[in-house]
Amino acid sequence: ASRAQVAFRTEHAEVVAKALSPELTEKIPRTKVTVEGRDGEVLISVEAEDHTALRAALNSYIRWANVAEETAKEAGR
C-alpha cells in the first residue's frame, strides 16, 4: 500500500473540507481518502493500493481543494 498526506493552511479550512466531503463518496478506485479541516488547516490523507492510484487521488483532491479555496475567497469579497 502507498500513503500520502497533504496539509495546507487557509482561513477557509472548514469551508474547503466541507466542499470536498461530497467527493469522498465518489470512490476513486483502489483508494481510501479522508479530509479534515480545523484550526486553519486542511489535511488530506490518501491510502492507495499502488502508486498510480495514489497519484490519481492526490491530483484530484488537490485540484478540488484549489477550486474550493478560490471559490471561498471570491465569495468572501
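Predicted model: local features only at pLDDT ≥ 70, side-chain atom pairs only at ≥ 80, totals over all residues.

Two helices are the place to start: helix 1 covers residues 13-24 and helix 2 covers residues 51-75.

**How the two helices meet**

- Two packed helices are described by the angle between their axes and the distance between the axes.
- Here, the axes of helix 1 and helix 2 come within 9 Å, and they cross at roughly 135°.
- Angles over 145 degrees count as roughly antiparallel and those from 65 to 115 as roughly perpendicular, so helix 1 and helix 2 end up oblique to each other.
- The crossing of helix 1 past helix 2 is right-handed.
- On the helix 1 side, the contact is made by Val15, Val16, Ala19, Leu20, Glu23 and Leu24.
- On the helix 2 side, Tyr61, Trp64, Ala65, Ala68, Glu69 and Ala72 do the touching.
- Sort the residues of this contact by class and you get 10 nonpolar, 2 charged and no polar ones.

**The nonpolar core**

- The largest nonpolar core has 19 residues.
- Which residues have the most contacts inside this core? They are Leu20, Val35, Ile44, Val46 and Tyr61.
- Helix 1, helix 2, strand 2 (31-38) and strand 3 (41-48) each supply at least two residues of the core.
- Helix 2 gives the largest share, with 7 residues.

**A closer look at Leu20**

- Is Leu20 buried or exposed? Its relative accessibility is 1%, so Leu20 counts as buried; the cut-off for buried is under 20%.
- Leaving aside neighbours within four places in sequence, Leu20 is in contact with Val35, Ile44, Tyr61, Trp64 and Ala65.
- Among those partners, Tyr61, Trp64 and Ala65 also belong to the helix 2 side of the helix contact, while Val35, Ile44 and Tyr61 are listed with Leu20 for the most contacts inside the core.
- Leu20 and Val67 sit 47 residues apart in sequence, yet their C-alpha atoms are 9.9 Å apart in space.

**A closer look at Ala72**

- Ala72 has 11% relative accessibility and therefore counts as buried too.
- Ala72 and Ala1 are 71 residues apart in sequence and 34 Å apart in space, C-alpha to C-alpha.

Notes: Residues numbered from 1 in each chain as written. Heavy atoms only, no water. Axes fitted to C-alpha atoms, helices over the stretch in contact; angles between N-to-C directions. Helix = DSSP H or I, 4+ residues; strand = E, 2+ residues; numbered from the N terminus. Parallel < 35°, antiparallel > 145°, perpendicular 65-115°, else oblique. Left-handed = near helix turned anticlockwise from the far one by under 90°. Contact = heavy atoms within 4.5 Å. Nonpolar A, V, L, I, M, F, W, Y, C, P; charged D, E, K, R; others polar. Core = buried A, V, L, I, M, F, W, Y, C linked by side-chain atoms within 4.5 Å. Buried < 20%, exposed > 50% of the residue type's maximum accessible area, 1.4 Å probe, protein only.
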